[in-house]
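Good morning, and thank you for coming. Please look at the structure that is about to be shown before I take you through it.

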Amino acid sequence: MAAMPSRGVLRCARRVAMRPGSIGPVSPPRPGGTPAQPLTWSTTEDDSVEAQLTADNQVAVSILPGRSGLAIFRVLVLAPGTYRFTAGAAAPQDIAATGGHWSVVCLPSSGRPSPSLAEIPVNPQQAVSATRVTVPAICGAVRLSFAIDNVNGSSDAGVLLHDLALSPVR
């Protein structure tokens, strides 16, 4: 029970999971994914960004020209430790390709500031990238999010996200 996050964190996570705009629960697409069941992927309320779950378990993200913004996020309750986060990216076929970044942020059980645990750049020409993320004991939960960037673009752009996994390093 000592590893359980505070009720406030769980209430916050439940609100995030029930928020309109959810693209539904997504199981880790690979065996060995996170042992903590993620609540749901949620989308941003920014009208310039669109995210959809595809039939083959990819997330198609697009954004209007001249913009950047948060596309999707999810809250996970993880035990303290080191995890391996892997994520793939590919260029979409119907619009220009663009990049972005994954962000892993600690949601502490107390009132302390939320430290960023990792910022992982995404390039649609890079098949799959892997990063180690250490979750300290102060984190009651972790927020995993993807932001897309098309600030210099003159037309709609997007990226396909795939092979997302978060697994403990043993």
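Some conventions come before that. What you see is a predicted model, in which local features need pLDDT of at least 70 and side-chain atom pairs count only at pLDDT 80 or more, while totals for chains, interfaces and linings use all residues. Residues are numbered from 1 along each chain as its sequence is written, and side-chain values use heavy atoms, with hydrogens and water left out.

Let me begin with the fold. The protein chain contains 1 helix and 12 strands; helices (H or I, at least four residues) and strands (E, at least two) are DSSP runs, numbered from the N terminus. In sequence order the pattern is α-β-β-β-β-β-β-β-β-β-β-β-β. A contact means heavy atoms within 4.5 Å. Of the contacts in the chain with a separation of 6 or more, 74% are between residues 24 or more positions apart.

How much of the chain is buried? Of its 170 residues, 44% count as buried, where buried means under 20% relative accessible area, exposed over 50%, and partly exposed in between (1.4 Å probe, protein chains only). W41, in strand β2 (residues 41-43), is buried, with a relative accessible area of 2%.

I turn to the core. In soluble globular proteins, nonpolar side chains tend to be buried together. A nonpolar core here is a set of buried Ala, Val, Leu, Ile, Met, Phe, Trp, Tyr and Cys residues joined through side-chain atoms within 4.5 Å. The largest one has 31 residues, and V61, I72, F85, W102, F146 and L161 touch the most other members. Strand β11 gives the most to this core, with 5 residues. Leaving aside residues up to four places away in sequence, F85 touches W102, I120, S129, A130, T131, V133, L144, A165 and L166.

Next is the disulfide, defined as a pair of cysteine sulfur atoms within 2.5 Å. The whole structure has 1 disulfide, and it joins C106 to C139, with an S to S distance of 2.1 Å. Because C106 lies in strand β8 (residues 100-108) and C139 in strand β11 (residues 139-150), the pair ties together parts that are 33 residues apart in sequence. The torsion about the S-S bond is about -125 degrees, so the disulfide is left-handed. Both partners count as buried, C106 at 0% relative accessibility and C139 at 5%.

On a 1 Å grid over the protein atoms alone, a cavity is a set of points where a 1.4 Å probe fits but cannot get out, and a pocket is an open set with protein on both sides within 12 Å along at least five of seven lines; lining residues have an atom within 4 Å of a point. Grid points are joined across faces, edges and corners, and a volume is the space filled by probe spheres set on the points.

The largest pocket holds about 200 Å³ of space. Of the 13 residues lining this pocket, A60, V61, S62, D94 and I95 are the closest to its centre.

The structure also has 3 cavities of 30 Å³ or more.
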